[in-house]
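Me: I am new to this structure and would like to know on what grounds its parts are named. Could you take me through it?

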Amino acid sequence: MDGSGLVTEVLVNHTPYETRVAILEGGVLQDFFVERERKRGIVGNIYKGKVQRVLPGMDAAFIDIGLERAGFLHVKNVVRRGDKPPERISDVLREGQSLLVQVLKDPIGSKGARLTMEISIPSRFLVFLPTADEIGVSIKIASEEQRQTLREAVAGFHQGRQGGFIVRTAIESADVWAMRADMQYLQRVWEAIVQQQRGARPGSLIYGELPLYQKVLRDYVTPEVRRIVVDHPDAYKQMRAFADNFLGNMAANLELYDGDRSLFE
């Protein structure tokens, strides 16, 4: 329960075509989200790509990521750890080379996806930047004193580890220990990405932006949530695996609904 003593519940209605999520407090609707499967893009997805063609004149390259059209990677989105940004694409990429890339823009028309090597992985309170080193704070957090406190907290928790972070505005409604839990979650996600890409073939999807029924676990489920009810067995199975891996004790609050009436009725 939250400070008001009201029970917070999350209801998830999932079909192959659409997912609906309702967040209730004391039985009263507080938030409602809808995601239609056919409108889900690939922005945020991470692929193990293979350089198909280097274009020195454009300072760019076409990268095979296993989709119908190759993705486009410009030199300004190429990363070399510990070095200055490359001046020319041909300085760092060659045909046949494998690399980890993330989608910045969905394919449109005859154009493939726009790609970057600057990976970013979001959570509720943070964005993890495994190829960076700096710690940033959302410009929406106006207090310079609070911004500095948050930077110092992140630096303290992250000491000795690789990567940088951006602190998101949502942290204003939480505490630094919630931020630390997010940091641990993001590090586990990144470790899983690194492990998976080692044995993956070029053109493989390594990490997909979460579907709504998992995203709600990441972004909205807090210790105050007493029930998370989902009405689809496959979605339940994936939510259970996600909760077991990343949410610890919260997995015990997840239920599969098998009633005769529609969950949302």
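What follows is a short exchange on strands, a helix and nonpolar cores.

Reply: This is a predicted model, in which local features need pLDDT of at least 70 and side-chain atom pairs count only at pLDDT 80 or more, while totals for chains, interfaces and linings use all residues. Residues are numbered from 1 along each chain as its sequence is written, and side-chain values use heavy atoms, with hydrogens and water left out.

Me: How do you know that β1 and β2 pair?

Reply: Strands (DSSP runs of E, at least two residues) pair if DSSP finds at least two bridges between them; β1 (residues 8-14) and β2 (residues 18-25) have 7 bridges, in the antiparallel sense, and H14 has T19 in β2 as its bridge partner.

Me: Why are β3 and β15 said to stand at the edges?

Reply: The open sheet of 5 strands has the order β3-β2-β1-β14-β15, with mixed pairing. β3 (28-36) and β15 (254-256) each have a single partner strand, so one side of each is left without a neighbour in the sheet.

Me: What makes a set of residues a nonpolar core?

Reply: Such a core consists of buried (under 20% relative accessible area, 1.4 Å probe, protein chains only) Ala, Val, Leu, Ile, Met, Phe, Trp, Tyr and Cys residues joined through side-chain atoms within 4.5 Å. The largest one has 44 residues, and V10, I121, L126 and I193 have the most contacts inside it. Helix α2 (residues 176-199) gives the largest share of this core, 7 residues. Another core, of 19 residues, lies apart from it, and includes Y47, V103, A113 and M117.

Methods
Helices (H or I, at least four residues) and strands (E, at least two) are DSSP runs, numbered from the N terminus. Buried means under 20% relative accessible area, exposed over 50%, partly exposed in between (1.4 Å probe, protein chains only).
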